[in-house]
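Try each one before you read its solution.

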Amino acid sequence: MKRLNILLIYPGYPPEEALGGGISTYVREAAEGLIDLGHKVTVISRTEKIDYSIEIKKDLKIIRVPCRGFNRFGALFYSFKVKRIIEKLEHKENMFDVIEAGDWGAEAVMLLRKFGHKLVIRCHTPGFISESYNPLNRPYLSGFVKKLEKYVLARANFIACPSRSLVAE
C-alpha cells in the first residue's frame with residue numbers, strides 16, 4: 001500500500017476540545033488510525049491562543065492557527081490563513097495526496113479552487129442544519145457563514161457523509 005501524505009483541517013484537536021467538540025474526537029481518532037495504517041498526517045486546527053504553534057509527534061504534525069471569533073469575516077480570514085499554510089507546506093515539503101476538511105464553519109471555502117481536485121469535505125452536520133434542530137439555542141454561526149457552508153458543499157468535488165439522513169438534508 002502506498003504511504004499517503006494526508007492533511008486534516010478541523011476546528012479543534014485535543015486537548016483544545018472546546019473548539020471542536022465531537023469533531024475534535026473524530027479528527028484525533030482519524031489521525032491515529034491513518035498513522036497506524038502507515039500514513040503521514042498533518043492536522044490544521046484552530047486555537048483561541050494568540051500565537052501559531054506546531055507540535056510534531058513521529059508521523060503526526062499538528063498546526064494550531066489563531067482564530068479569534070468566527071463571525072462573518074472571521075471565517076473567510078481563517079480559511080485564507082489555512083490556504084496560505086498549505087501553500088507553504090506544499091512548497092517546502094511533499095505535496096498532500098488528500099486534504100480532508102469538515103463542513104462546519106466553511107473552513108475550506110478558500111481551498112476549493114486551488115485544491116478541489118484532492119479536497120474531501122466530510123459532513124459532520126453543518127451549522128445551517130444543526131441550528132435548525134436547536135431553534136431555542138442562540139445561533140453560533142452568522143447567516144453569512146451558513147451560506148458559505150452551503151457554497152462549499154455545493155461546489156465540492158468529493159463529499160464524505162456518514163449517514164443517509166444527512167445526505168437528505
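**Exercise 1.** Find how many disulfides the structure has, counting a disulfide as a pair of cysteine sulfur atoms within 2.5 Å.

*Solution.* Searching the whole structure turns up zero disulfides. Take Cys123: the nearest cysteine sulfur belongs to Cys161 and sits 4.3 Å away, and Cys123 is in no disulfide. Next, look at accessibility, where buried means under 20% relative accessible area, exposed over 50%, and partly exposed in between (1.4 Å probe, protein chains only). Cys123 has 7% relative accessibility, so it counts as buried. Cys161, with 27%, is partly exposed.

A quick note before you go on: this is a predicted model, where local features need pLDDT of at least 70, side-chain atom pairs count only at pLDDT 80 or more, and totals for chains, interfaces and linings use all residues. Residues are numbered from 1 along each chain as its sequence is written, and side-chain values use heavy atoms, with hydrogens and water left out.

**Exercise 2.** List some contacts of Arg64 beyond its neighbours within four places in sequence, taking contact as heavy atoms within 4.5 Å.

*Solution.* Among them are Tyr13, Pro14, Glu16, Asp51 and Glu55.
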